[in-house]
Structure formats: structure tokens, C-alpha cells
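Dear colleague,

Please find the structure for your review below. My notes on selected elements follow.

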Amino acid sequence: MDSKHETSKLIEEEPATATRRYSVTKKFVPAARKLTVAEEVGKKLARMQNKKPKEFLEICFREFDQACSLQVSELRDTFDEALVQLSDDCDMMEKNLTSLLIWKQNTTKARVDQATAERNNERKEKLNLAKWMAMFTPQDKKNTKADEVDFAYIRFCLNMAIAADVCPVQKQLDSGTPEFLSSMLTVDNDCVVGPASMALTNLSTHVETKKPIALSGGIENCVKLVNNNPNAPIVTQCCKVLASVAMLPTNKTYMAGKGAIKALVNIVKSVGPDNYRVDDAALGSAFCGLCNCAEGSDANRNLIVELDVMNAIEYICENWTDAYVLASASKLICNLAFNNVYTALSCLAAHCDEALSTSIKKSGGDKFPDVGEAAMMAYCNLANNESNQTHVGSTGAIELAVKTLELSNDVRVLTAAAMACASMAFKSFINKTRMGDAGAIKALLEVAIGRGNGGASEEEQEDAKCAEACCKALATLLLNSLNQQKMKELGAIEVFVQAIGETESMEVLQTGSMVICALVPLPDAKKRLLIEGRRLPVEEAGGKEVLVRCKQWVYGRKPSPEWLNAAMEVLDIKEEEAIKEQREREIEAERLVADDLFMDNRAVSSGVTPNSFRPEFYSHLELFREAVATPKKDEIGDELVELVDILF
């Protein structure tokens, strides 16, 4: 099946809901504000200032009488509403008194319910302990004998796992909980080691506990269990501990020296139908650990690549369907390729770009947004130089990113897809052309206009970040004249300029101004248009006013960038200046031709500078992002009851 058709089919299975795109064919209409009575009277009188004084005085009396009548009517309505509110308050007081009487009557029943709840909580605690042991009991029942002391340890680990999110972190540190749990990992009993590893996993989610766990030997003990323990749940929990501890920058080098990276790589490379110690949970957690070890550390990136794990990553992405595994693997590729040409090239040599495409298709559109976001971030980081950009663009990543922009409604996925488009097109003429042909201009415009209003709420701020990324992609794409023509054909210049002019987000205003500047030609081209009697579409749409607003609000207290100053200088060129310079060039051309009969005066009098690529508005490094993989926490339920009689 054709990859493009397959992508469309798989992504379109997810219904498009809650879309917030603005059609580029509509006229942009800002929200209207209701006028007060005084403002309406003021507007009417302002329109009649030119009438005769006597007539104007009569109009003033009439309008004043009408305004007073209206305000009296509103006052009467307010008084009626106050009476209704008073009646409602009385009814509410009656209901409250009734409720108080009912509460007194039910006091005895509430006490009985409280006693029953306490009994159920005690029962629930025992059921949790039963499940707690069953989770870590191997199928062969070896090394699972437990005595009274082991049961006490198991109960302690259960309490610590539950208290990790309840008890204050400092209190747990003062009591030495990380050191004690780390030491329990050395016990030769899986029924004790398993609960201890899960309690340590829950405790390691706090930033304050990551360093104490590393200093207390938790990393070394987890590495030994990952390498040697045959029990998949224990391997999973130890991988989660390593992944969580690796989030702390100071632990990354220490973990590499203690063999944690090699142990996690061995987990990834050992997958197979006969390896029961590595299930989907263990594999996804191992990917999380490698992802966090690679984040912010070039040395760890190189080490992971040199351990020959890339082919295993590609194989897993092509053959696995678990969303946790696919998202974690995509995040690992993203971090390996971050601002590192060698590791990015190693990923491409292992066909990881094709594996990312497969992962997105398996994710089902917005059903698993973590997969789509991570894969698009990986595409963005993989395209970190000219050769890699050409390679990634030729393997279907461009079409996939554009299709994601058209169909997805998840703001994080849209942001990552826009950044991927910007990275693949950065200083790449061929990829700019490919994206224009694939429909990227329209897709980016619709998302940018629909989500670029800005605002104070968290959702509006996330939408603004998405619109900012789309504007960055548009800014680099529109440096290609073919893409500028496509935007003109869409008739979207006026709508986009009005949207940027009305936005409340300074980031959207800044990046939207980049798009407007990309539509502004070089000075010679502007002068040629003026001589021919034509105007720039972006100038007619009010682009200059938007640039002035950007200069005043975004760069009010600091020097404005060169791209903004250059565009405003071009827009300030007048027709008289252009005609004068053209006449001077023609006179100079005639003089030079008179001195040298073989000189072509067209090259001198045209005033056209040699064709050259315009500089980008930002650095490529601004587009790259690293991912942090948070391990999935296991919920402690009360379903298993098989071991209750044995324990109690």
C-alpha cells in the first residue's frame, strides 16, 4: 500500500473534534465590545456637532431625557431583581434549616458508616498486601519463601510505596528511607526485592530523593538486578528507578560509570519471544532510562550509539504496537539526534527515520499523542544539517508532518510537527519546495491563525506556543519565492496580517512579524514595483503597522533585529526615490556605454543585485528540543485476594 495513502487512512480514523482553525478564505473580524449608554449618547452628539446651536441644544435635551428614562428603567429592573434575590435567600435559609434537622437525625447512621469504612480500609490494606506479593512472585515459585521478618519488610515497602506521594519528602529523607529501600534490593528473596524496588520507584519521582538514592547504592543495586534477575516485574521497577534517577543532571555521568547505560542497552537488545524477563513494561522503562541518560549529555549519546543499539531500536519501532514502548523509543531517538551530527547520522544509517514513520501510523492519530509528539520532535532533531535534511525529507517525513498539521487537534503534536517542518526546511531550498508542494503553507496558516490569539489561561498559552512554532515554519518556508506565490494564491496575506496585528501574545507577534518580513522583497525589487505602479500585497494588508507594533512592544527596551529594520526600511521606500535612482542608473549606463561600445547597458541600468539566498530569521539550534521520559507509575489496587489466608 502507498505510504501516503496509508498515513491518511490511519490518521483519519480519529474524528476531528474541537478544531480551532481559521479558514484563510474568511475575512478576519475582531470581537466587538458593547457600548455603555453614556458612550452611545456621546457618539450621537459627536456626529451632530456641526448643527446650529439651538437645534443642537434641543437634541441634547432629547437625548438626555431618553438616557435618563433608560437608566430609570434599568434601576427599576435592578430593584425587582433584588427582591427576587431576597426571596431566593429566604428559600435557601429554609432549605438549610431543613438540612440541619436531617443531619441531626442521621448522626447515628453516620457513625455506623464511619466504623464500617474503617473496617473496609483495614480489609483493603490486607488485599493490597496480597496483590503486592503476587505482583512479584515468579511463575516457578523459586526463591519466594518468606518468614515473619520478610512479611514485615513487605508490609513496610507497601506503606512506603503508598506514602511516597502522601508523606512529606523531607521527613522521608530524615528517616533514611532511600538508604533503607536501596539496601533491601540486596536481599536474596524476590518477594522482598520486588516490593522494595516498587517503593523505591515511587519515592524516586521526587526531585529531592534522586541524589540520595544514587549516593546510597541504589544505582548499583538496580544495575545488578537488571542484569541478573529473571523476574520481569522486578526488572521493570529497577529500570524505572534508573530512568527516574537519570533525570537529575549530576547523576548522568555517574550512571554511565556504574554500567547503568550498558545494562539498559542489553535490555533493549535482548528482546525476543523467548525472553520472558523483558515485557513491554520493562522495555518501555528501559527506553525511558536511556532517553533520560542521553538528555543533556553528549558523552552518553555517543556511548549509547557505540553500544550498537540503533538496529534494535529500529526493529522494535517497526514490530511493536505498545504506545508506551513506541513513545519512549521515539523520545530516545529524539535525544540521540539532538545537536549531534554523528549520533543523528547513526540514527539515519539504522533507518530510524522510517521507523518513526511506522510508529506514527500505529499511534492512530491523536489516540496516543505522546507517540506523535515524540516522533515529530525526533524528525526535528534528525534534520540538523544539510545532508540529513535532504535524507529525512526524501523518506516521507514531510508529507507525514503536513498530514499531521492538517488532521491533528492535539496542541503538543501540532507544535512538534510545526517545529519539524521548520527544521527540515531551514536553509534547504529543496525541502522548502517539497513542503510547499505538499500543502504545508495552508496547513500552517490555518493552525497559526486559529490558535494565535493568545490569552492568560493555560490553554491559550499552549495554543500561542503552537502558533509561534507554525509562524517559525512559515518564516523559513516563505524565503522561497515559489511558496510566496502559493500564499498569494491562497489569498491569506490579509487574514494573516490582521490576525497577527490583533494577537495578545508577544511571541506570536514576534514570529508572525518574521513571516511578514519574509514577504517583503529586497530593496531593488520594491523599487521596481513602485516604478511599475504596483504595491506590495503585504503592505496593502497593513504589514507595516504590524511591524511597527512588533518593534514597539517586543523590542521596546532593546535593539530590534536586523531583519526587522531591513524590512521596515524597504517598506519606507517612496516612489519618487525609486524613479530618481532609476534615472541616475540610466544616465550612468549611457556614460559607460559611450566609453565602451561593447558594454551591455541593461546590466547597469536594471539596478538588480545578483541572486542570493536570504538569511534565516533565527538559528537552527532554536528549533531543537530534548525530551524527558517519565516512567509510568503502577497503581496499587485491591483485586487479588488469593494470598490473604496465607498472610493473615
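Why is H14 largely enclosed by the rest of the structure? Of its 15 residues, 13 are buried, so H14 is largely enclosed; buried means under 20% relative accessible area, with exposed over 50% and partly exposed in between, for a 1.4 Å probe and protein chains only.

Please note that this is a predicted model, in which local features need pLDDT of at least 70, side-chain atom pairs count only at pLDDT 80 or more, and totals for chains, interfaces and linings use all residues. Residues are numbered from 1 along each chain as its sequence is written, and side-chain values use heavy atoms, leaving out hydrogens and water.

Helix H14 covers residues 280–294 and reaches 21 Å from its first C-alpha to its last, close to the 21 Å expected at 1.5 Å a residue; the expected span is 1.5 Å times one less than the number of residues. Helices (H or I, at least four residues) are DSSP runs, numbered from the N terminus. Gly-296, with a positive phi near 75 degrees, follows H14.

Asp-165 sits in the loop between helix H5 (148–163) and helix H6 (169–174). Beyond its neighbours within four places in sequence, Asp-165 is in contact (heavy atoms within 4.5 Å) with Thr-205, His-206 and Lys-633. The C-alpha atoms of Asp-165 and Thr-205 are 9.0 Å apart, although 40 residues separate the two along the chain.

Finally, residues of H22 including Ala-397 and Leu-405 meet residues of H23, among them Val-413 and Met-424.

Yours sincerely

Conventions:
Helices (H or I, at least four residues) and strands (E, at least two) are DSSP runs, numbered from the N terminus.
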